[in-house]
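Dear colleague,

Please find below the structure that I am handing over to you. I would be grateful if you would look through it before reading my remarks.

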Amino acid sequence: MKTVIETKKLSKWYGNVLGLSDVSLQIEAGITGILGPNGAGKSTFLKLITGQIKPNIGSCTIEGQKIRNNYHFYSKIGFCPEQDSFYEEMTGWQFMTGLLKLHHYSPSEIKAMTKEALEIVELTEDKDRVIKSYSRGMRQRLKFAQAIAHKPEIIVFDEPLNGLDPLGRRKIIRLIKSYEEEGKTILVSSHVLPEIEAMTKQIILIHQGKVFAQGDIHYIRDLIDTHPHIVSIKCRNPRQLASTFIQEDYVLNIHFGSADNTLLIETNNRDKFFSLLPSLFVKYNIEVDEITSPDDNLQAVFDYLVEK
Amino acid sequence: MNKITVRRLLFLWNSIRKVYSFFFFMGKKSNKTKIFFIVALLPVIMALIIKLNPIFSGRSSTEGIYIFSNVIIVFYLQALILLLALFFGTSVCSEEVEGKTLTYLTTRPVSKSAIILGKYAAYTSLVILMTGIGVTISFLILNVNKLHDFSLYEILIRDVIVLSLGIMCYTALFTFVGTFLKKSILFGFVFGFGWENVIQYFPGSTQRFSIVHYLKSLLPVPKTGRFSFLMFKLEPSTPVAAVFMLFLITGIFLGLACLFFSLKDYIFED
Amino acid sequence: MTIKEKGYAHWDGEFLDKKFPWWPITRYGIKLTFRRKQFKFIFPLSLLPAVFFLAGIYVSERLEDFPFFGRETVEFLQINPSYFKAYLASSFMIFLIVIIVIFCGSGLICDDLKHNALQLYFSRPIKKKDYFFGKTAVIVFFLFILTLVPGLVFFIMKLVFSGSFKFFVSYPWLPLSIIGYSVVVTAFFSFFTLFLSSLSKNRRYVTILIFGTYILSDIFYRIFYDIFSNHYFSLLSLRANLQQVGAVFFSQKTPYPIHWIYSLLVLSGICVLAGFVLKKKVKGVEIVK
Amino acid sequence: MSIEVKDIHFSYGKIKALEGITLDLSQDAIGLLGPNGAGKSTLIRILLGFLCPDKGEGRILDYDIKQQQSFIRRYVGYMPEDDCFIPELDAVSFTSYLGELSGMPRQEAMKRAHEALFYVGLEESRYRKVETYSGGMKQRLKLAQAIVHDPKLMFLDEPTSGLDPQGRNEILELIVDISSKKGIQVLISSHILPDIELTCSYVVILNKGKLAAQGEISKLKEIRDLYEIKIKGESEGFLQKLRDIKCRVEKMEEGLLKVYLPPDQDKQEIFRIAAEKNVQMRHFVKSESSLEDLFAKVVGVD
């Protein structure tokens, strides 16, 4: 796929506080999740690639063009900032139309676009209330609306799901996914794993101002496959099951969990392990309650990389 | 001029207009503007009292236009427009950074200069409007019995123009200050109520380093005597030079403000 | 052997029923004000006049050593209540107070509003009046250093320098005047500042309001006075009102030939209004309708 | 009991925020659940006495919420939802300052402030100015100031909002520690269901200002023969086979399958099919209808 955003040795510090250090990467169309703990440099990265701040070292281009002070380009970009701030004395409607005006649309276009955007985030009913009186969720949605109203090709969301309830969150996730289908390039930052997992497999892990990994979640998993994998099995007779595994060379470690019916098995060949599993259950008639991989989610990748 | 330059300028102009309308509208609605509007209308109350007093006290009143030129206008010139320009000028940039709303503007297809110039224009016209309304009402009240005398309107128009020039110039200065100083207000006080006043006592060309000098050069030289505390010694420049200088100062500060705003990183913090 | 338990530990102390629950607010308020760079610079400067006046008191005992002083200076250096008034109620002093108040007072409530800190205060056993009292005391502290303390020091130093109680015998009520006047000025500015500080979340705006109100009120008076030659317009000016009251405290002729009680009424009127607004503005939660 | 309110009504002007809330809670950890704008924060603010209810009465720790607020506030810790702090103070001063305002002696407050900051994991940065803190640190700081005076009851309003997973887990662990072992009662308002599931045994669900449901979480959840599985390999044959034995299969996001087993089938059958079709079984969990389903059902949106 075509590279949309490209950064080279991007570094940024505030005074003597490090913001981002030596980030070189390429981002393609589709949804890319930017993941990292609080203060990792996610916001700095997003601000740098949207040209809001200038890097101390390095450069950043979108579609081959430099972005800072290249304001024409912003018609293609939507940005949803992290901070919960607005022109509080305006109504939602005025806020939206006012910002859309800056895109040089005609009044009728602006009206239509605002209407559509507010409909999407379900703020139509409250459009004439002042923003000051909006609840947390409404504010978050309004922020979302101003980022998508002008139908940009590249949308950057900085923590878009903060402060939303599960239902609101589900809606926003669905929306963001729908933009992917339209072939847009979307960057979403978050520190909450399930949120990103629900949206995309393409992730960039940022921690301590550095990019720790970029790529498919599974690709990253493979990358660290040297790291042994733990599978937890809850069953009626764990010791019997354990005895069948003890001969296998791909099993590194067998561990009995704190509850007496759990078995923790560490393996370095998951494919072999998992393909054998069902037949073993059938063969020894082991009644299984649960099979889980405690570290087979983004969290584990994350913890692993951060600790490394 | 080649075509590209023309197109760029046209685009800049359009951007400025858009930013202008956004902030003019917002400024109009803001509560702070309302308070400052009341401040700008204080001279109206003053005019009313002056006008009504002779009716109750039975004493003959002073000439309306005399009061207007020597009190109301000078009051605006030396105090009110400074305060208004100080607040609105520093607001142009500080407001966005303090309120963390800058992001909404800088991620739009308008240049940073357009943001500064548009917002500056919006706030300047708001202040001019507020002041203009205040001045006009005061004028009408003070000259209520002479409204047929058209020569008076010339004075009104001249004074409003001078005040507008002043607002334009001061707001530009404070806009610039707001883009690069955090404690812009303190600087504003020192400049507006310290420097601008003190420097008028200095002889020779020193006073040409103040803005108020050029503004006063555009007004008729007052007779010494009453109200002298409001007017200081003046060695006027010619009107043409004064207007030129005012525009020059405005231009320079706006240019600097745009430059700073385009180059500086604004980091939001509490 | 006892091993310290992991995790949360209870506090085994006792709550105090503090007589002055507002005191921490004041202490921290003062501490924070002193941390400001500009304030560190300006505050010592604002004490310079006091040093000059103190020097004056010293000189007044040694007038024979300064034969080159003109008659006016010598007259001025006759230490009497008017000397105290000249320090405490001068226009310059009041201007200084405004400047200091801008530094120490403009952010007192407005910063709390800006950072939603009121709910932190009011989720503690702090009553509204404790909060106000604590904040007021910050302003009181600084203004007393500027007014009450120098006043009393002048008085004591005069006694020390002269080595006799003659001065005290001639003006036994003077310490009371100093205290009384300082309290009035301080109380007024406390109300005035807190009131304006509670109006906005924006410190820049509050600063302009404080300064603007002071300057404009004075200009107003002067303009009206020039037009009407009516001394009652002095009631418009904060400065003039304070000076009127000050003159009374030091039993001097009032600078404006109107009765001082009007000035006192104006000042207390502003205080009452301020108190009223403050009570409405400061709440645990901001309610937007 | 410790939280007791009767028929609380409250409205912001025309907008009704709470309509007739009656609660009687004495559990260790109580979750207050509801979508944005359900009235959770309003309820907490009423309990703290910030707002006076239009109608109704209540008692906290046996103190009346209208008359004895200063007693309530002494024994209650409150962690507000919004970002809030006092600028220019470092974290230790900030925390001990608020401790002092609670009525602790000055030296004790300082001691406790250090303890509290250690406890919430801010020991390294406790001398830093509060305004330089990141969002996650501010959240911890808010928790620290809520426990500094060793309250008997704590109101935590959205304690995990804006936290990264690590920070979130740590805060939740702290909350569990406080509520389960130390005899401090905790009321947590949140819209994040896993947070509540992890920390609380009892839940109160609010929706549009009304009490939608309340009860023990374990009892509120229904248990069905529903399994979540994840497979790797040729899935079509496997799924077809499952359908043949009358299982209802739903494909979820991330390759997750929800399999409803008919009552007459044994779950062992699933493994048999898996073995037969040679697919890897990577994940197999019996699913209880989670709080999310309950929430969606009670709140009544999709």
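The paragraphs below set out what was found.

Please note at the outset that this is a predicted model. Its overall scores are an ipTM of 0.76 and a pTM of 0.80. For chain D, the average pLDDT is 83, and 91% of the residues score at least 70. Within chain D, confidence is highest in helix α3 (residues 91-101) of chain D, with a mean of 92, and lowest in helix α11 (residues 291-299) of chain D, with a mean of 66. Where pLDDT is low, the predicted coordinates should not be read in detail.

Of the 308 residues in chain A, 56% are buried. Among the contacts in chain A with a separation of 6 or more, 67% join residues 24 or more positions apart. The accessible surface of chain A is about 12,700 Å², and carbon and sulfur atoms account for 48% of that surface. Chain A carries 37 positive and 39 negative side chains, and the centres of these two sets are 6 Å apart.

Finally, how much area is buried between chain C and chain D? The figure is about 4,200 Å², with 58% coming from carbon and sulfur atoms. On the chain C side, Y8(C), W11(C) and R124(C) lose the most area to chain D, together 21% of what that side buries. The contact involves 40 residues from chain C and 49 residues from chain D.

Yours sincerely

Terms used
Residues are numbered from 1 along each chain as its sequence is written. Chains are lettered from A and ligands numbered from 1 in the order in which they are written. This is a predicted model: local features need pLDDT of at least 70, side-chain atom pairs count only at pLDDT 80 or more; totals for chains, interfaces and linings use all residues. Side-chain values use heavy atoms; hydrogens and water are left out. pLDDT is the predictor's confidence in each residue, from 0 to 100. Helices (H or I, at least four residues) and strands (E, at least two) are DSSP runs, numbered from the N terminus. Buried means under 20% relative accessible area, exposed over 50%, partly exposed in between (1.4 Å probe, protein chains only). Contact means heavy atoms within 4.5 Å. Accessible areas come from the Shrake-Rupley method with a 1.4 Å probe; for residues, only the protein chains shown count as cover. Lys and Arg count as positive and Asp and Glu as negative; His and the chain ends are not counted. The place of a charge is taken as NZ of Lys, CZ of Arg, CG of Asp or CD of Glu. Buried area is the accessible area (1.4 Å probe) that two parts lose on being put together, summed over both.
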